[in-house]
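Me: Please show me the structure. I will then ask about its interfaces, domains and cavities, one at a time.

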Amino acid sequence: MEAYLDNSATTPPCAESIAATQDALTRYWGNPSSLHQAGIEAEHLLSSCRSSVASAIGCEADEVFFTSGGTESNNLAIVGAALANRRRGKRIVTSAVEHSSVMESTKALQERGFEVVYLSVDRMGRVSEQELARAINRDTILVSLMAANNEVGTVQPIDVVRRIVTRVGAPATIHCDAVQAFGKLRVQPARLGVDLLTVSSHKIHGPKGVGALYVRKGVKLNPLLYGGSQESKLRPGTEAMPVIAGFAAAANALPPVSQSLAYVTGVRDRLLDGLRGMEDVRLNSPQDALPYIVNISVYGIPSETMLNFLSQRGICVSSGSACAKGKQSRVLRAMGLGDSEITSALRVSFSRFTTWEEIDTLLHALNEARQTLVRSK
Amino acid sequence: MLKIGELTLKGLNRRTFEDQLLKDLKQKLKPLGNWQFVLSQSTLQVIPPDGEIDMNEAYARALRVFGLSGVSRALRCEKSMDVILEKAPIYLENDLACARTFKVEAKRSDKSFSLNSPQICESVGEKLLDAFAHLQVDVHHPDVTVMVEIREQFAFLHAGQARGAGGLPAGSAGDAAILISGGIDSPVAAWMMARRGLRLTAIHFASPPYTSQRAEDKVHKLLAKVARYAGRIELYVVPFTQTQEAIQAHCPEDLFTLIMRRVMMRLAQAIAKEHRCKALITGESLGQVASQTLQALVVTEDVCQIPVFRPLIGMDKNDAIEIARSIGTFDISIEPYQDCCTVFTPKHPRTKPKLAQLQIAESALDLDKLMADALAGTRKHVIES
C-alpha cells in the first residue's frame, strides 16, 4: 500500500494492541466471572484494561463500560437514556450531521413517541449556540451531539450544552459521540460537561469489535440487553477479553493529545499547501476543523471514479462515511453544499502514523487524475 | 419424482431433449452422491444412493433444472396396501401435522393392483384421519394433497408437487451472449433465455477507474446465481474506458449513451461470433430509459447482424423485480456501484434519435482502432455452476 489515508474509517492496529490481543487469547482466556484461578486472572486483566481506558478518557474506572463498539455505545446511550427518563419529558435534541448510529437510534425513538429535534448546521457543519438554546426546553431529556464530525471534522460546541441545560433547568442527560475525537482532542467528560461519552477502539489503532461508553456516576440508563451481571448489568455478556485487552493497550499507547495534534496539523497543512494550487479543488472542511480530517471536492470527477483511480495506485481515501457505502453524503447536504460538490467529495483522514511521503503520493496522484480523467460535462 | 414439462410436446426429437435434461440433472446432483435415474413416460424417478444424503439440497437443485414442470419428494415402497398404510402416517407426518385439511389422490399405472384408485384413496384417507385427529377432509381446497401412485415396480407416496423451473432443458437451444451490466434487468433476461434452453456466454464492459473492481465482482456474483440454473457461464470482460473517453471527447453529449450502446453491440457481436453464439440477449425494456425508446432501439439494432433477444421488452419493472427476487439476483443488483452504463450519462439524452445523425457523430471516432484495442484487452473468466 502506498498511502493509507482513510483513518476515520479505521486505523491499522498498533504493535502494542496486536501483542496484547494475542496475549489475552493465549494466556488469559478464562472467564472473568469464574471463581477459579483462570477466572481471577482474567478479571484482573479486565480491571486493568478498564483503568487504562478510563485514564485515556479522563474519568474513573467504574464509569467505563465496555461494549462492542461505537455503534452499540451510541445506541445504549441514546435509547438507554431516553427510556430511563421517559417520565421526565419527551424531547431529544440532536444535530442533522450525527453518525448514522445516533441518527437511526433517534429515529427509532421518534417512532416510539419521542419528539426529536434535528438541529441544522451552517456552511461549516456547526450547530449554533442560539439554536441549541432555542431547542433545549424543560421537556428535554436528552441532548446528543458529536465532538467532531466523521466526514468533515467540524468540532461542535459541545461544552456550551451543559450551560444551556442548567440555565433552562432541563432534566436532560447529555451524550457526546466522541468516536472521531477520542485520542485526538481532549474529551474529558468533566471538562466537556457531558454525562455519556462514546469511544471506539479501532479508530485509535486498537482491534475492531470493542468500544466503551463513559457513564457519569449517578446517570440512569436502561440496558439494551438482558443477561448476567457483567458491566454492572448495563451490558451483560461474557467480556470480549482479547479485544478489550487490545483496546486498552492501544489507549495506553496514545501519546499526549497535544503532541499528536501538533504532528497531524503539520501533515494536514502539507496537504492543504499542495491543494492550494489546484483551482478545481474545493475545501469542504472548515479551517478550525479537527486536523485529522480533510474533506475536499474535485469538480467534475465523481467520488467513485477518483476513489477507483487512487485505489489503483495504492492510495486509500473515502467518499464519506464508511458506514454509508456509496450513498451521497447527508452531512454535506446539511451543510448546504450543491450536487457538484457532493458527488465529487473525498475524505482524506490521517493518524499519528501518517507520513509526509503519503501526502506527497496523494498530491501527485490527484494531479495525475485531474489531468487524465475525463470529466462529466 | 420429477415431472417433465413442455418438452413432452416434442415429436421425434423428444429423445434429444430428454437426454439434455438428464445430462443437466445428473451434473447438478452428482456432487451429492451417486443417484439412479429411471425415466418412464413423463415422469423421472431420481433414486438416492444409500447412506447419508442431503435431500434438502438435492430437492433445491432439482427445482433449478430447466425442462421440469414439477418436483415432488416421494417415498418409494413395496406395492402392498399393508405397507402403504403402515408407512403413510410416518412419512407424511411433517406435512400433515401443520395442515388443517387434506385429500388423497391415487393413480394406478399398474391396473392389476388389487384395489382401484377410489378404493386406495378411501383406505389411505381413513388411516390418516385415524393417525391425525385434527385433520379434516376437503376435496376442493385442501392444504395438502396426498398422492399415492402405483407404478410397475413400486408404490410412491408424496404430499404434492412443487412447481419446477419450467422451460426447455439447459443448452438445448444453442448458444447466445448476454450483455450484462450489473443492474436488475440483465440477469433476469439471462435467466429467462437460459430457461428457453440457451447456453449463456456473458459480456461485461468495464471502465476503470470510472467503474470499480466491485462493479465487476458484482457481475460475477450475479452470474453465479444464474449459473445455478443455467450451468457454467463464460464471462468476457471488455475494457471500455478508452472508448467511453473518446465518445465523451468527440461526440455530442446528448448522443453519448446511444453511440456507446452501438459500440457495445458491435463489440458484443464480435465476441459472440468468435464463440459461436447465434444471438445477443439484453435486458432492455421498451421505454424504460432514454436509450430504450423505440427510436433508440431502432438505431441500436441497426449495427446488429444477428438477432437480439430482449425478453423484458414488454414487461413491467415490477415483474422483472419479482423474477430477480426469486432467482436471488435482486439484492446483489441493488448494490450501489457505478457501472459502465451510468458513466458520463448525459443530462438530457436524445430520446428520438435519427440514424444519420449518429452515423455522422460516430465518424469522429476511430472505431476500428478502439474496437480492436477493446477486443485485444478482453479477459475471459469462468463462472462455475
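Me: How many residue pairs are in polar contact across the interface of chain B and chain A?

Reply: This is a predicted model, in which local features need pLDDT of at least 70, side-chain atom pairs count only at pLDDT 80 or more, and totals for chains, interfaces and linings use all residues. Residues are numbered from 1 along each chain as its sequence is written, chains are lettered from A and ligands numbered from 1 in the order in which they are written, and side-chain values use heavy atoms, without hydrogens or water. A polar contact is a pair of N or O atoms within 3.5 Å; within protein, one must be able to donate a hydrogen and the other to accept it, and residues adjacent in sequence count only if both atoms are side-chain atoms. With both residues at pLDDT 80 or more, the number of pairs across the interface of chain B and chain A is four.

Me: What is the count of salt bridges between chain B and chain A?

Reply: A salt bridge needs a side-chain nitrogen of Lys or Arg within 4 Å of a carboxyl oxygen of Asp or Glu. Between chain B and chain A the count is zero.

Me: How is chain B divided, and what is the count of salt bridges across the interface of its domain 1 and domain 3?

Reply: Domain bounds come from an automatic or database domain assignment. Chain B is divided into domain 1 (1–72 + 161–170), domain 2 (79–159) and domain 3 (174–383). Across the interface of domain 1 of chain B and domain 3 of chain B, the number of salt bridges is one.

Me: How far apart are the closest N and O atoms of E6(B) and R196(B)?

Reply: These two residues form a salt bridge. The closest N and O atoms of E6(B) and R196(B) are apart by 2.9 Å.

Me: Which residues of domain 1 of chain B lose the most area to domain 3 of chain B?

Reply: The C-alpha centres of the two domains lie 33 Å apart, and their contact takes twelve residues from domain 1 of chain B and eight from domain 3 of chain B. Together the two domains bury about 930 Å², 49% of it on carbon and sulfur atoms. Three residues account for 54% of what the side of domain 1 buries: R64(B), F66(B) and L168(B).

Me: What area is buried between domain 1 of chain A and domain 2 of chain A?

Reply: Chain A is divided into domain 1 (3–11 + 256–372) and domain 2 (15–252). In this pair, 32 residues of domain 1 are in contact with 30 residues of domain 2. The polar contacts number 15 residue pairs, both at pLDDT 80 or more, while salt bridges number zero. Carbon and sulfur atoms give 53% of the buried area, which is about 2700 Å².

Me: Which residues lie closest to the centre of the largest cavity?

Reply: On a 1 Å grid over the protein atoms alone, a cavity is a set of points where a 1.4 Å probe fits but cannot get out, and lining residues have an atom within 4 Å of a point. Grid points are joined across faces, edges and corners, and a volume is the space filled by probe spheres set on the points. The lining draws at least three residues from each of domain 1 and domain 2 of chain A. The largest cavity has a volume of about 110 Å³, and of its 15 lining residues the closest to the centre are G183(A), K184(A), H205(A), Y292(A) and R352(A).

Me: How much space lies in the second largest cavity?

Reply: The structure holds two cavities of 30 Å³ or more. The space in the second largest cavity is about 40 Å³.

How values were computed. 1 Å grid on protein atoms, 1.4 Å probe; cavity = no way out; pocket = protein on both sides within 12 Å on 5 of 7 lines; lining within 4 Å. Contact = heavy atoms within 4.5 Å. Buried area = accessible area lost by both parts, 1.4 Å probe.
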